[in-house]
Amino acid sequence: MIRIEAEPWAAMVSHARATYPNECCGAMLGATDGENKLVKVALPLENAFAGAQAKHYELRPEDLRDADKAARERQMELIGIYHSHPDCDAYFSPTDLRNSCPWYSFVVLSIQNGEFHHANSWLPNFEQTEAAKEELIY
Ligand SMILES: [Zn+2]
């Protein structure tokens with residue numbers, strides 16, 4: 001289960017609306033207790049994908065490292081990654097799966113016509129062949 005506090009959730013939604021019709025991406029920092037995760041900070045990151053960003057996002061490894069460092073500096077953990085799907089459902093695409101890491105939660109925000117529509121959180125398996133839906137509370 002992943003719970004996102006009001007402040008980071010508002011930041012994620014406004015980031016996803018601001019980059020529409022392109023995808024946004026960012027890091028989620030917080031605390032974990034077994035399988036329960038609490039997101040306390042959303043850290044917007046730049047979509048580094050060189051081509052059309054309406055259906056793609058790419059994180060720079062160094063941005064991810066910085067996010068991990070930022071988490072540790074706040075006595076938190078890097079819990080996962082969020083990105084948006086403009087005018088698309090919050091599913092986990094084959095590309096998302098290929099670019100995933102099994103130890104993170106992946107929150108996908110569906111933005112339809114520029115407005116937040118729905119969101120899902122995904123947990124990829126170690127083989128990166130499939131992702132299970134994780135209970136998401138925001
Ligand atoms: Zn995606």
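**View 1. Asp63, a buried residue in a predicted model.** Asp63 is buried, at a relative accessible area of 16% (buried means under 20%, exposed over 50%, partly exposed in between, with a 1.4 Å probe and protein chains only). You'll find Asp63 in helix 2, residues 61-73 (helices are DSSP runs of H or I with at least four residues, strands are runs of E with at least two, both numbered from the N terminus). Leu45 sits 18 residues from Asp63 in sequence, but their C-alpha atoms are 7.1 Å apart in space. A word on the model: it is predicted, so local features need pLDDT of at least 70 and side-chain atom pairs count only at pLDDT 80 or more, while totals for chains, interfaces and linings use all residues. Numbering runs from 1 along each chain as its sequence is written, and side-chain values use heavy atoms, with hydrogens and water left out.

View 2. His83 in strand 4 and Asp96 in helix 3 (residues 94-98) are 13 residues apart, a pair that links distant parts of the chain. Both His83 and Asp96 are buried.

**View 3. Strand 5 and its two neighbours.** Seven of the eight residues in strand 5 (residues 105-112) are buried, so the strand is mostly covered. On one pairing, strand 4 (residues 77-86) runs parallel to strand 5 over seven bridges (two strands pair if DSSP finds at least two bridges between them). Here Ile81 stands opposite Phe106. Strand 6 (residues 115-124) pairs with strand 5 too, antiparallel and over seven bridges; Gln112 has Glu115 as its bridge partner there. Two residues separate strands 5 and 6 in this hairpin, and Asn113 in the turn has a positive phi of about 50°.

**View 4. Two cysteines without a disulfide.** Searching the whole structure turns up zero disulfides (a disulfide is a pair of cysteine sulfur atoms within 2.5 Å). For Cys24, the nearest cysteine sulfur belongs to Cys25, 6.7 Å away. That is too far for a bond. Cys24 is buried at 1% relative accessible area, and Cys25 is buried at 0%.
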